[in-house]
Amino acid sequence: MSTTPPMLDVRHLVKQFPKRGGMFGKREVFTAVDDVSFQVNRGTTLALVGESGSGKSTVGMMLLGLLETTSGDVLYEGRPVIGLRGPERLALRRKLQVVFQDPFASLNARMTVAELVMEGMRVHKMYANDAERRARAEVLLGQVGMPAHALDRYPHEFSGGQRQRIAIARALSVEPEFLVLDEPTSALDVSVQSQVLNLLRRLQRERGLTYLFVTHNLAVVDYLADEVCVMEKGKIIERGMVEDVFDHPQHATTQRLLAAVPKVEM
Amino acid sequence: MEKLLQVDDLRTWFRTSRGIVKAVDGVSFDVAPGKTRAIVGESGCGKSITALSILQLVPEPAGYIESGKIHFGGEDILERSWTDMRGLRGREIAMIFQEPMTSLNPTRTIGWQLSEAMTVHGKDAPVARTRALELLERVGLRDPNAALRQYPHELSGGMRQRVMIAIALANRPKLLIADEPTTALDVTVQAQIMSLIKELQDELGMAMLLITHDLGIVSEVAHDVSVMYAGQVVEAAPTRDLFHDPRHPYTQGLFASLPARNRRGQDLMTLDGIVPDAANWPTGCRFAERCVHKMDACSTAPQLRVSASGRQVRCHLPSALEVTK
């Protein structure tokens, strides 16, 4: 193995939420993420899989700074990121972008596609003026397979797959290095899912992007991911290369998950 | 064999501001007693409206059945009035939906709702209560006695879908229509629910019409499958035949777009373009604009052709019906 640090190094991450109730106001906690550690190497894809409530999305939210951690460390290129403030935090937020499951909910319906794609560039003061940003937005749309005339339309005028491509263009607008993909194809039909998966593969190839893929879809993981961590009740119960874990699952839960996937017998 | 359900040239249309939306536009299929037919297709293909049409539950007044015949047990049930359908709905034909929370009444206990499903069809209340308990036991609720007194929100999604199944099966229907019954559930719960439905189907000798977008589920439970695209059936065959050797370019595209291990490092097949507008279907083949085999003949609408082995394909390609083996 090389000596360069992993792109993302997550160490003993914990997230607890206060539980409601408890007799005499006794404070009880629910541990949503329980001592989770993993590394993601540059240019690779790590999948975080598990059923609803396993904690996989909570991990993603903490990495993005959308949720505070209870304890643990997150290192990005060897530097701690938790507790960053001001310009350092902003710089990190540019490198780390996210694409959510539901492009209906994640795109502001009152903004045009141009505004949506330019918003991040404005926040990070990229490019000299809006004319340059708009030109950049047009290039980005082209890269995700959307026509230039989409710029002045609103999200509702597009199909689910097109909206997801707009969300990806928006994430790419600030030249990120790392994308958290939280169920990015789960709301899409299979023929549209394949377009988005092809696009994600191409972008990774061309830009050397690193992906954390949060999903319950094991077929997508088998197709796309290099490594996989299986989560249950907040813990990582099994991890390894996708081929190894899927062909020789060691943990009973992993075996159960894999066995439950309906097989397409062709 | 005598068919339990036979749908012939069904057209279910909607009046909208954009004109008439022909959501279901000439759909035919049948379901044999005790067997499962799946209808698969992507969003907007008309599969759910087809299912709702059978029970005359199409949202009115916008939606209406323009033409077609639906025979159930030999009777043309489209001749029945909406109120006469009540004798059939929930008794002879039951239906379960994707999201049990929207089908269950949030203000009534599980026990009440299960009993009601039986008493409206003439069962005595005490008999219904006893049977309600049996049903909850049968569908695998951990504490059926407690569940009788619980409200829907107190149960998990998987448990609620089990309750829906109990309600659907309360009157031992001959046909179960299941519209995406496991789509909202985790994969292990999905597997449990599908195997429960299969078991109960065998026990009751019940037929099933399964509406789904999930080819994996079709592969595991259906005997026959009809693939819908743009309001029509484009291909139908016994499940094994269709999966081994899909003939319609749309079906072929669907299979080729599935992610899988052996496709790592390769681009998946995509269907470029979009489904045409249901208010304005093209006069020719509805799939032509997205089809890799598009040819001159495609400007006229292909009919559903039937091969000697009983396969149906709506495509002009000669190879679509060729015998390969």
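Me: Which residue stands opposite B:Phe14 in β4(B)?
Reply: In this predicted model, B:Phe14 faces B:Gly63 of β4(B).

Me: How many bridges join β1 and β4 of chain B, and do the strands run parallel or antiparallel?
Reply: Strand β1 (residues 5-16) and strand β4 (residues 63-72) of chain B are joined by eight bridges, and they run antiparallel.

Me: What is the strand order of the sheet in chain B?
Reply: The order is β2-β1-β4-β5 (chain B), an open sheet of four strands with antiparallel pairing. Its edge strands are β2 (19-31) and β5 (75-76) of chain B, each of which pairs on one side only.

Me: Which strands does helix α1 of chain B lie across?
Reply: Helix α1 (residues 47-54) of chain B lies across β1, β2 and β4 of chain B. The helix runs at about 70 degrees to β2(B).

Me: Turning to chain A, how many helices and strands are there?
Reply: Chain A has 10 helices and 10 strands.

Me: And what is the strand order of its six-stranded sheet?
Reply: The sheet is open, its strands are ordered β6-β7-β8-β3-β9-β10 (chain A), and the pairing is mixed. At the edges stand β6 (96-99) and β10 (235-241) of chain A; each has a single partner strand, so one side of each has no neighbour in the sheet. On average, neighbouring strands of this sheet are turned by 15 degrees against each other, direction ignored.

Me: Which residue is the bridge partner of A:Val228?
Reply: A:Val228 has A:Gly240 in β10(A) as its bridge partner. Strand β9 (residues 227-232) of chain A runs antiparallel to β10(A), with six bridges joining the two.

Me: Which strands does helix α6 of chain A touch?
Reply: Helix α6 (residues 160-172) of chain A packs on the sheet and touches β6 and β7 (178-182) of chain A. The direction of this helix makes about 175 degrees with that of β6(A).

Me: Is helix α1 of chain A mostly covered or mostly uncovered?
Reply: Helix α1 (residues 56-63) of chain A is mostly covered, with seven of its eight residues buried. Among them are A:Lys56, A:Val59, A:Met62 and A:Leu63. A:Gly65, which follows α1(A), has a positive phi, near 75 degrees.

Me: How many residues of chain A are in contact with chain B?
Reply: 25 residues of chain A are in contact with 32 residues of chain B. On the chain A side, α7 (190-207), α8 (218-224) and α10 (252-260) each give two or more residues. The largest share, six residues, comes from α7(A). By type, this side divides into 12 nonpolar, seven polar and six charged residues.

Me: Which residues have the most contacts inside the largest nonpolar core?
Reply: They are A:Phe213, A:Val221, B:Ala166, B:Leu175 and B:Leu209, in a core of 163 residues. Helix α6 (residues 157-169) of chain B supplies the largest share of this core, eight residues.

Me: What is B:Leu175 in contact with, leaving aside its neighbours within four places in sequence?
Reply: The contacts of B:Leu175 include B:Leu4, B:Val31, B:Glu92, B:Met206 and B:Leu209.

Technical notes
Residues numbered from 1 in each chain as written. Chains lettered and ligands numbered in written order. Predicted model: local features only at pLDDT ≥ 70, side-chain atom pairs only at ≥ 80, totals over all residues. Contact = placed C-beta atoms within 7 Å. Nonpolar A, V, L, I, M, F, W, Y, C, P; charged D, E, K, R; others polar. Core = buried A, V, L, I, M, F, W, Y, C linked by C-beta atoms within 7 Å. Buried ≥ 20, exposed ≤ 12 C-beta atoms within 10 Å, placed from the backbone. Pairing = 2+ DSSP bridges. Axes fitted to C-alpha atoms, helices over the stretch in contact; angles between N-to-C directions.
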